[in-house]
Amino acid sequence: MRSVDQDLINASICTSDGYGEHWLRHCIANLEGIYINPSIAQLSTQYSGRTMIIVGAGPSLERNVEQLRKARNNALIVCCSHALHALRDADVRPHYVIATDSQDVAHHFDNYDLSHLGGVIAGVSCHPKVW
């Protein structure tokens with residue numbers, strides 16, 4: 001019987017084999033944006049000691065929007081790009097949005113006012129349209 005660890009290793013290898021070239025092309029295309037935009041490392045001192053809530057787009061989001069709305073002034077709210085419109089519709093304004101998907105998720109930002117955000121945190125291998 002195979003171990004769970006071996007299954008995870010095999011899944012990781014398959015993912016890397018399937019997407020590795022894709023991720024590399026995106027990293028190369030994003031080099032200019034990586035160079036000219038500030039590093040996320042700067043946020044560590046700015047928000048040191050502050051509570052952070054990371055919001056995903058899972059099924060618990062709808063149940064927790066009221067708590068998120070109340071927490072906004074006391075905690076840093078960071079959401080994945082997939083949750084952005086759901087939060088807007090619930091009148092919850094995140095401080096930052098994270099986009100790491102290598103698929104084109106630029107549409108997550110369509111019809112969204114980004115002016116109130118502290119920024120978009122983009123992964124180096126995310127789709128170049130996000131940069």
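**Pocket and cores at a glance**

The lining of the largest pocket splits into 10 nonpolar residues, seven polar and no charged. (Nonpolar covers Ala, Val, Leu, Ile, Met, Phe, Trp, Tyr, Cys and Pro; charged covers Asp, Glu, Lys and Arg; the others, Gly among them, count as polar.) Bear in mind that this is a predicted model, where local features need pLDDT of at least 70 and side-chain atom pairs count only at pLDDT 80 or more, while totals for chains, interfaces and linings use all residues. Residues are numbered from 1 along each chain as its sequence is written, and side-chain values use heavy atoms, with hydrogens and water left out.

**The pocket**

- The largest pocket has a volume of about 450 Å³, which is the space filled by probe spheres set on grid points joined across faces, edges and corners.
- A pocket here is an open set of points on a 1 Å grid over the protein atoms alone, where a 1.4 Å probe fits, with protein on both sides within 12 Å along at least five of seven lines; lining residues have an atom within 4 Å of a point.
- Of its 17 lining residues, Asn37, Pro38, Val120, Ile121 and Ala122 are the closest to the centre.
- β4 gives the largest share of the lining, four residues (strands are DSSP E runs of at least two residues, helices H or I runs of at least four, numbered from the N terminus).

**The cores**

- The largest nonpolar core has 19 residues, and Val55, Leu61, Cys79, Leu87 and Val92 touch the most other members.
- Such a core joins buried Ala, Val, Leu, Ile, Met, Phe, Trp, Tyr and Cys residues through side-chain atoms within 4.5 Å, buried being under 20% relative accessible area with a 1.4 Å probe, protein chains only.
- α4 supplies the largest share of this core, three residues.

Definitions and conventions
Buried < 20%, exposed > 50% of the residue type's maximum accessible area, 1.4 Å probe, protein only.
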